[in-house]
Amino acid sequence: KGKCPEDGWDESTIELFLHELAIMDSNNFLGNCGVGEREGRVASGLVARRHYRLIHGIGRSGDISAVQPKAAGSSLLNKLTNSVVLDIIKLAGVRTVTSCFVVPMATGMSLTLCFLTLRHKRPKAKYIIWPRIDQKSCFKSMITAGFEPVVIENVLEGDELRTDIQAVEAKVKTLGAENILCVHSTTSCFAPRVPDRLEELAVICANYDIPHIVNNAYGVQSSKCMHLIQQGARVGRIDAFVQSLDKNFMVPVGGAIIAGFNESFIQEISKMYPGRASASPSLDVLITLLSLGASGYKQLLKERKEMFSYLSSELKKLADSHNERLLDTPHNPISLAMSLKNLDENNGAAVTQLGSMLFTRQVSGARVVPCGAVQTVNNYTFKGFMSHTNDYPCAYLNAASAIGIKKQDVDVFLKRLDKCLKASRKEVKKEKSVNEVCNSNTGTEQLED
């Protein structure tokens, strides 16, 4: 049926299935005589076993989704993977999605592939309207494709940074719809930025006949992000949405899913990919989903949501104990932010030092964002880089509840963060005392002079 099994398979069943696929590839035929330049020959037995002897990759030279006659097993694996992944995307909340394919590139390059496909449809267009999100690969995906990003600054609503819909529409009118390749929006993001107003953006795109590409990097794990995409497609226009394999399915980095509501457009994107492609990302995600089953993946989504609530309540308690606060970002379903105002006011360097302290104590993924950082990316200067706005009111720390997180991870993180904050405060007090003594001595010397 091409759907994810409800209950996961055991490892021996999965391996048997993969071996059955592998013996359908010509390089594994006992009497095979290959005289071409690419015959699935592998020098290392270890490498062959690592890939279950599925060596040919996926696609043909002109189409990543095409069937390769001498690699029937690999081709079947590719078709099945795309079908199972489509089933999971529907299960996660985008019910009306019609087509998707796994591409062996991470999210940034997959977005670039989407933009390059649109170039043939809109030859006059040179601009991409992009509500600002301070993540380099998003920005570079547009530059690499040869387009000029038009950065729309976010608006501050309470603690949240939200899409400036009026600025987007004003820019569309100023530039002219025919000169705009697409609107490039984002769902999953670091707090205090929250997912873009996808429904309003989708309506603008429909009204002005402008394509809409959504960066849904780690949004499959969030029912809220997936609901936004579903609603955007219902009320307006979304041409494609792109998500990472590693962030949503806990597989190695190197793959993404490009999905959409118009099957012919998704096929156009797949045909834009030049040459064959590695089957590794497809193999990894298929093995993972067969192992979990639909019920196992749904359970992971449920646990992630529960851990988000737990992380939120516990981080709030910790923030209060240090005279800080958990920023109020109810529209962000994955990421949280805690202010570092007291640390920043007393010693700006202490904020970045906190990040180093956490990292050396084996806390990964937590982002410490100071005020006023400046970063130049491809000749474009971002003020307040990493905070998604030129001048956010305070420094802060990010933590996320992503798929696979456990209660132990949250507890250990909070314990180590508490120790680091106490150590930072001691250091700030010590430095403050030294400065006061120095200032006092300087005043005495001036009086004596």
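**The interface between domain 1 and domain 2**

User: Across the interface of domain 1 and domain 2, how many salt bridges does the rule find?

Analyst: This is a predicted model, in which the chain is divided into domain 1 (56-293) and domain 2 (297-429). A pair counts when a side-chain nitrogen of Lys or Arg is within 4 Å of a carboxyl oxygen of Asp or Glu. Across the interface between these two domains, the number of salt bridges found by that rule is one.

User: Which residue forms a salt bridge with D159, and how far apart are the closest N and O atoms?

Analyst: The limit for such a pair is 4 Å. The salt bridge of D159 is formed with R325, and the distance between the closest N and O atoms is 2.7 Å.

User: Which element gives the most residues to the side of domain 1 that touches domain 2?

Analyst: Between the two domains, 21 residue pairs are in polar contact, with both residues at pLDDT 80 or more. Several elements of domain 1 supply at least two residues each to the side that touches domain 2, among them α3 (72-92), α8 (223-235) and α11 (280-321). With four residues, the element that gives the most is α5.

User: Which three residues supply more than any other three of the area that domain 1 buries against domain 2?

Analyst: The contact joins 39 residues of domain 1 to 40 residues of domain 2, and together the domains bury about 3400 Å², with 62% of this on carbon and sulfur atoms. Of the area that domain 1 buries against domain 2, 19% is supplied by three residues, namely D134, D159 and Q221.

Definitions and conventions. Residues numbered from 1 in each chain as written. Predicted model: local features only at pLDDT ≥ 70, side-chain atom pairs only at ≥ 80, totals over all residues. Heavy atoms only, no water. Domains from an automatic or database assignment. Contact = heavy atoms within 4.5 Å. Buried area = accessible area lost by both parts, 1.4 Å probe. Polar contact = N/O pair within 3.5 Å; in protein donor to acceptor, adjacent residues only side chain to side chain.
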